[in-house]
Every structure is written in C-alpha cells, then in structure tokens.
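Student: Could you pick one part of this model and take me through it closely? I'd like to know what packs against what.

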Amino acid sequence: ELERVLLPLLADSNDEVKVQAAKTLARKIGAEPAVIEGLCQILASDDSSWVQVNAALALARMGSEAASAGPALLRAAQTGDVSVREQAMKTLAIIQPAEAREAFTVGLKDASAEVRLIASAGWMKAESVPPEAVQALVESLKDPEAQVRANAAYAMSRLEKLPANAIPLLLVCAADPNESLRINTTLALRKAPLGATSEIMMHLLEDPNGRVRLLAAGAILDSDLDHTAALSVAEAARSDPSPRVRQAAVELLDSITEARQSDATHIDATDAE
C-alpha cells in the first residue's frame, strides 16, 4: 500500500515532494524493482540536480540489491552535473554493479577533482583491476591531486605485474611529500623488478614514515635476506609508535627466519645426496 502511494510522488511537480518520496521509499520499501525503476527514471531525466542526487543517495541506501540501477548510475556519472556525477560515482562504489568498472575508468579523467578522487578510491575497493583499466590508472599517477595519485598507486599494487610505463611515474611519486602517496607507491613498486627500484628502495629506508621504511626494507629483503641496512630498519620497526608497523615488522622478521631455516634445510638435504 505504501509503495503505491509513494511511487507516483516521484513524478510530482514539487522537488521537495520527490526528494522525500525517494528517501521514504528507500527506507521503508527498499530494493523492489518498481522502486529502483522509479528512482532510475528521476535520476536520468529530472531537471533538478538536487532531486537526481537524492535519487542516487536512495539507491545507495539499498546497497548491492540495487545492482539493476547500474546503467542509470553510469549515465549519471558520465553526463550529470558535478554534484550528480559525484553522488552517482559514490553509489556505484557502494553497489558495485557491473557498470562500476566503466564508471571508475571514465571517472579517472573527469574534470572534477572530487569525481576523480571517488573513481580512484573505487578501484581500491573493486574486487579486481581489469586490464582495460590499467592505462587509465597509469595516467592517474600524473594527477594534480596527491590523493588521486595515492589511490591509483594502491590500485596498481593489486596488479600481478606492474606495466613498464608505470614505473617511472611511481618513482616520481615515491619522492612526494604526501605520506599516503609514498606508502601506496612503495607498495606498488614492490611489484616491480628490484633492478628497476633498488636505488629508490635504498633511499626509502631513510624515509620519515615508519611504514614506508619497513615496506622498502621488505622489498630489499625479498631478494637479499642478509641486507644489513634493511635488517636494521626491520629490527627498529619492532618498537615503532604504530601498532600496525610493529606487527608488520614482527611478521617480516619471522618470515626471514623461516626463509633462512628453509634454505638451511635445503642445503642439508643437498649435502646428504
């Protein structure tokens, strides 16, 4: 009964009525097909960006059950005014429909820094980063916004292998004053061949940020278990003020101990033969 009363109000001539109807439908009725369709209609065609934003907000409230709204949200993320694009992108990140991938890729090139920020954060949370999104993420490593670059670097750290053209850009990002950017860049550079990153990793052993130092130490120790400077950084990190860094340091040093024991066992077995 409530759905039949509220749905027609989405077409009311008064914007306040439409907004309140959208909010109430999302809260009281939820992800019913007719509700999603009605919200998608006003998202796509209403002449008020305020109404459109609230339609996207209502869809976000429904979560993944509103996945069928993906096409309408994608169009809004591409063609709406800046406030609509922002909210549509946020809703896509929450709902994660199939169209989210295209939206996040296109959003990385948006004129609005806020939209680019949301799109890049979307790739941090997406289940995976598909090949068609990689080049857009590489380009985002040149974004004027440090947080966009940081988000792109983190997304690239999730790749199996870094594209070669990302490495020079990441090396530049590794020297940025922004701590979040340096952390995520160091994470990404651990996927690169050490030969291409050894110089910057040695430099990052002296970074002001404890997590950056530890990540760099881990990258070096991956190929040289006895690297004196990297081991020193890892040992020092056991008393870092950050519990997260302390825990990571313990795990790194434990993994080194296990690797040495494994190497020793392998040598003993070889000698026995």
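Tutor: Let's say two residues are in contact when they have heavy atoms within 4.5 Å of each other. Leaving out residues up to four places away in sequence, Leu43 touches Gln52, Ala55, Ala56, Leu59, Ala72, Leu73, Ala76 and Val84. Keep in mind that this is a predicted model, where local features need pLDDT of at least 70, side-chain atom pairs count only at pLDDT 80 or more, and totals for chains, interfaces and linings use all residues. Residues are numbered from 1 along each chain as its sequence is written, and side-chain values use heavy atoms, with hydrogens and water left out.

Now zoom out to helix α3, residues 33-45 (a helix is a DSSP run of H or I, at least four residues, numbered from the N terminus). Its 13 residues reach 18 Å from first C-alpha to last, close to the 18 Å expected at 1.5 Å a residue (that is 1.5 Å times one less than the number of residues). Buried in α3 are Val35, Ile36, Gly38, Leu39, Cys40, Ile42 and Leu43, with buried meaning under 20% relative accessible area for a 1.4 Å probe, protein chains only. Those buried residues pack against α1 (2-6), α2 (15-29), α4 (49-62), α5 (70-79) and α6 (82-95).

Leu39 and Leu43 turn up again in the largest nonpolar core, a set of buried Ala, Val, Leu, Ile, Met, Phe, Trp, Tyr and Cys residues joined through side-chain atoms within 4.5 Å. Of its 85 residues, these two, along with Leu59, Leu73, Trp123 and Met156, touch the most other members. The element giving the most to this core is α14, with eight residues. Leu59 and Leu73 are also among the contacts of Leu43.

How values were computed: Buried < 20%, exposed > 50% of the residue type's maximum accessible area, 1.4 Å probe, protein only. Helix = DSSP H or I, 4+ residues; strand = E, 2+ residues; numbered from the N terminus.
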